[in-house]
Amino acid sequence: MTKRTAAKYKIDRRMGENIWGRAKSPVNKREYGPGQHGQRRKNKLSDFGTQLRAKQKLKGYYGDLTEKQFRKIYNEAERVKGDTGEMLVGLLERRLDAVVYRAKLVPTVFAARQFVNHGHVTVNGNRVNIASYRVKEGDLIEVRQKSKQLAIVLESVALTERDVPDYLEVDHSKMTVKFIRTPALGDVPYPVVMEPNLVVEYYAKN
């Protein structure tokens with residue numbers, strides 16, 4: 001278990017925001033940061049601090065991504081013609097674990113990574129156990145037959161705290177997901193404001 005997984009809600013408290021929109025988030029009770037100095041008055045962030053915060057929030061939202069992995073995705077987004085921030089979000093949302101999470105097949109993005117890694121998912125009929133696998137438009141993702149009655153899946157499908165976005169076509173009775181299209185930033189149902197433009201500015205200077 002990584003440090004990030006073990007203390008995932010520290011991200012919420014560090015940011016002062018409930019970035020996954022979960023009822024269990026400690027931010028709902030304590031808006032100050034974690035640790036003995038968490039209640040100190042916050043100073044106004046510099047431009048660099050604001051950009052770093054935006055990067056840490058977007059990276060943290062997708063779970064166990066390392067800085068190296070996130071930078072690699074950013075570099076790919078930068079090479080594609082178009083708005084780099086939009087491209088970055090599109091690439092992140094095409095990760096298999098992100099699709100599994102968005103489809104409400106599991107309750108958290110951390111659970112999605114584990115769910116995929118343990119081989120519970122197929123893409124176009126082929127078993128895929130790599131969370132970073134990049135889906136394409138038209139791909140059909142399905143929970144394997146023997147995994148469809150897992151408690152984590154059944155409980156997640158019943159959750160009402162988030163909705164399935166319209167760039168996915170989900171059939172919870174069959175536990176299938178069709179990836180319709182790569183979303184733009186405005187299509188992604190982030191519970192908090194994400195600012196990929198600031199992430200672009202951060203990497204442009206560092």
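## Exercises on helix α9

The residues Pro196, Leu198, Val199, Tyr202 and Tyr203 are the buried ones of α9. They share one side of α9, because the arc they cover around the axis is only 150°. This is a predicted model, so let us work through it with that in mind.

**Exercise 1.** Find which residues are exposed on the other side of α9, and what covers its buried residues.

*Solution.* Finally, look at the cover over the buried residues: it includes α3, α4 (67-79) and α5 (84-93).

**Exercise 2.** Describe how α3 and α9 pack, and which residues meet.

*Solution.* First take the geometry. Helix α3 (residues 47-61) and helix α9 (residues 196-205) have axes 8 Å apart and an angle of about 115° between them. Their crossing is left-handed. Then list the partners: α3 brings Phe48, Thr50, Gln51, Leu52, Ala54, Lys55 and Leu58, and these meet Pro196, Leu198, Val199, Glu201, Tyr202, Tyr203 and Lys205 of α9. Sorted by class, this contact has nine nonpolar, two polar and three charged residues.

**Exercise 3.** Judge the confidence of the model: what is the mean pLDDT of the protein chain?

*Solution.* The mean is 87, and 80% of the residues reach 70 or more. Residues 1-6, however, have pLDDT below 50, and this stretch has eleven contacts in the model beyond near neighbours in sequence. Where pLDDT is low, the predicted coordinates should not be read in detail.

Key: Residues numbered from 1 in each chain as written. Predicted model: local features only at pLDDT ≥ 70, side-chain atom pairs only at ≥ 80, totals over all residues. Heavy atoms only, no water. Axes fitted to C-alpha atoms, helices over the stretch in contact; angles between N-to-C directions. Helix = DSSP H or I, 4+ residues; strand = E, 2+ residues; numbered from the N terminus. Left-handed = near helix turned anticlockwise from the far one by under 90°. Contact = heavy atoms within 4.5 Å. Nonpolar A, V, L, I, M, F, W, Y, C, P; charged D, E, K, R; others polar. Buried < 20%, exposed > 50% of the residue type's maximum accessible area, 1.4 Å probe, protein only. Arc of directions from axis to C-beta. pLDDT = per-residue confidence, 0-100.
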